[in-house]
Amino acid sequence: MSDNVEVTRHLAQFVAGTEWDALTPPVVHQAKRALINFFAVALTGCCEPAIETALQSLTAFSGGRRATIIGRGERLDALSAAFLNAASANVLDFCDTHVPTVIHPTAPVAPSLFALGELRDVSGRDLILAFVLGAEIECRIGLAMSPSHYRRGWHITATCGVFGAAAGSGKILGLKAEPMVFALGIAATQAAGLCECLGTPAKSVHVGNAARNGLWSALLAAQGLAGPAEPLTGGQGYFHALAETPQLSVLTDGLGDSWEIMKTAFKPYPCGFVVHPVLDCVIDWRRAHPDAVVEKVTVTGNPLLAARTDRPNISTSGQSQVSVQHAVAAALVTGKAGVEQFGALCVNDPRVVGLRSKVAVKRDESFATTAAAVEIATTDGKLHKLHQRAARGSDDNPMTDRDLEDKLREAAAQAIPRNDVAALIEAIWTVEDCADIAKVTALAVPQAN
């Protein structure tokens with residue numbers, strides 16, 4: 001496909017023409033796992049300060065209060081709801097990860113589909129099919145330019161997620177091939193997101209916009225708004241504007257035979273996924289050595305670990321999510337790596353602050369992003385050498401269905417304590433039998449006293 005200048009049309013035809021029967025049972029099950037995780041992370045993040053600020057801003061401009069905000073009683077227009085639910089799902093860096101690209105595929109796509117489900121009748125089968133197709137498009141576009149795109153400073157979840165949201169939304173809207181091309185083109189001209197924003201509340205803006213703008217792109221195309229014929233590979237199109245020389249074959253080879261959603265990993269810890277193998281090592285070691293006094297820690301991992309998380313001097317909870325020094329220090333002090341360990345109290349704990357300066361990071365290209373080695377020197381003169389070859393939550397060491405359910409239960413206990421979380425879990429596992437997905441999101445709205 002390296003010489004194909006109609007790659008966008010090929011993708012559009014695939015999305016428009018693929019039906020439910022193309023999805024195998026493992027793919028459908030993986031999609032449900034992603035949705036269980038989505039509700040867990042959206043509930044965990046729905047009351048974060050960045051979300052509160054965004055909600056206050058959007059409320060002033062939201063006339064039609066038709067769509068659900070997960071974990072909250074407020075309702076907004078569908079575009080704003082898609083924005084907020086995407087931002088909530090990603091704000092704590094607790095969402096799923098497509099390991100080959102480090103895209104967080106569900107956060108931009110699922111919120112746009114659930115919002116659309118409150119504008120029209122959408123069945124559970126329609127949702128799953130659109131979600132899988134949206135994830136496929138965003139991840140394949142990301143694969144075509146990985147790892148250079150991320151290394152240039154583009155936040156790939158947002159810059160590719162907008163395509164996933166547009167494709168998935170367009171599928172639900174019944175777009176044929178040509179308007180689907182237009183939807184992807186409208187999405188392409190709105191693709192944005194800088195890694196410089198990671199660790200700051202501004203990150204939520206571009207992740208939220210990926211969902212909102214993707215949904216809007218499909219709605220515009222459905223109303224007949226045209227876009228370029230080849231937005232991806234055109235002379236002044238997406239790849240060219242980003243100075244990329246993409247592997248175009250990755251976009252289409254095996255399309256429909258293999259599914260990128262099967263390469264999705266789920267996080268047991270609310271921080272950057274490249275930090276997870278490090279945390280596995282440190283938490284297990286601390287459990288076995290509760291009284292040891294740490295003198296120095298050396299972490300070795302994939303270069304992406306250092307590039308994105310070598311941040312010893314932090315002061316906010318957002319920064320802590322992308323600081324391997326903080327993650328190690330907090331785990332050593334508390335023996336845990338949950339939401340509290342990446343909150344403001346832990347960030348400013350003098351014991352944690354003191355340990356952060358004792359953590360050094362080394363780069364080694366032989367390490368996968370899901371692997372790490374940790375050396376812990378203790379004051380008794382011992383050197384403890386630790387290795388993790390497959391982080392918990394990765395393909396080779398996955399979270400179980402029960403693990404994901406427990407993650408959702410824990411989040412619901414905090415955000416919607418009076419709700420029947422068992423009913424929400426059951427609704428997601430059986431979503432293909434649901435005639436109206438708005439009934440699923442309704443289960444994630446806080447019940448009154």
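Reply: Start with a term: helices are DSSP runs of H or I with at least four residues, numbered from the N terminus. Keep in mind that this is a predicted model.

Me: Which helix gives the largest share of the lining of the second largest pocket?
Reply: Four helices each supply at least two residues of that lining: α3 (49–59), α10 (203–222), α14 (303–309) and α15 (317–320). The largest share is three residues, and it comes from α14.

Me: How much space lies in that second largest pocket, and which residues are closest to its centre?
Reply: The space in the second largest pocket is about 450 Å³. Its lining has 30 residues. They divide into 12 nonpolar, 13 polar and five charged. Closest to the centre are D93, G199, K203, Q321 and V322.

Me: Turn to the largest pocket. Which helix gives the most to its lining?
Reply: About 780 Å³ of space lies in this pocket. α2 (25–45), α13 (276–288) and α19 (401–415) each supply at least two lining residues. With seven residues, the one that gives the most is α19.

Me: How do the lining residues of the largest pocket divide by class?
Reply: The lining has 24 residues, and F94, P268, G338, V339 and E410 lie nearest the pocket centre. By class, the lining splits into 11 nonpolar, five polar and eight charged.

Me: Are α3 and α4 roughly parallel or antiparallel to each other?
Reply: The axes of α3 and α4 (residues 78–90) come within 10 Å. They cross at roughly 175°. Angles over 145 degrees count as roughly antiparallel. The two helices are therefore roughly antiparallel.

Me: Which residues make the contact of α3 with α4?
Reply: By class, this contact has seven nonpolar, two polar and no charged residues. On the α4 side are S80, F83, L84, A87 and S88. On the α3 side are I51, A54, L55 and L58.

Me: Which helix supplies the largest share of the lining of the largest cavity?
Reply: The structure holds one cavity of 30 Å³ or more, and about 30 Å³ of space lies in the largest cavity. T68, A81, N85, P111, F114, A115, E118 and T441 line it. The largest share, three residues, comes from α5.

Me: Now the backbone. Where is the cis peptide bond at P147 placed?
Reply: The bond from S146 to P147 is cis, with omega near 5°. P147 is in the loop between α6 (124–144) and α7 (148–151).

Me: Is V102 buried or exposed?
Reply: V102 is not a glycine, yet its phi is positive, near 60°. Its place is the loop between β3 (97–98) and α5 (106–116). Under 20% relative accessible area means buried. V102 has 15% relative accessibility, so V102 counts as buried.

Me: And how does A243 count by relative accessibility?
Reply: A243 also has a positive phi without being a glycine, at about 60°. It lies in the loop between α11 (238–241) and α12 (248–252). Its relative accessibility is 48%, so A243 counts as partly exposed.

Technical notes. Residues are numbered from 1 along each chain as its sequence is written. This is a predicted model: local features need pLDDT of at least 70, side-chain atom pairs count only at pLDDT 80 or more; totals for chains, interfaces and linings use all residues. Side-chain values use heavy atoms; hydrogens and water are left out. Buried means under 20% relative accessible area, exposed over 50%, partly exposed in between (1.4 Å probe, protein chains only). On a 1 Å grid over the protein atoms alone, a cavity is a set of points where a 1.4 Å probe fits but cannot get out, and a pocket is an open set with protein on both sides within 12 Å along at least five of seven lines; lining residues have an atom within 4 Å of a point. Grid points are joined across faces, edges and corners, and a volume is the space filled by probe spheres set on the points. Ala, Val, Leu, Ile, Met, Phe, Trp, Tyr, Cys and Pro count as nonpolar, Asp, Glu, Lys and Arg as charged, and the others, Gly among them, as polar. Axes are lines fitted to C-alpha atoms, for helices over the stretch in contact, and angles run from 0 to 180 degrees between N-to-C directions. Angles under 35 degrees count as roughly parallel, over 145 as roughly antiparallel, 65 to 115 as roughly perpendicular and the rest as oblique. Contact means heavy atoms within 4.5 Å.
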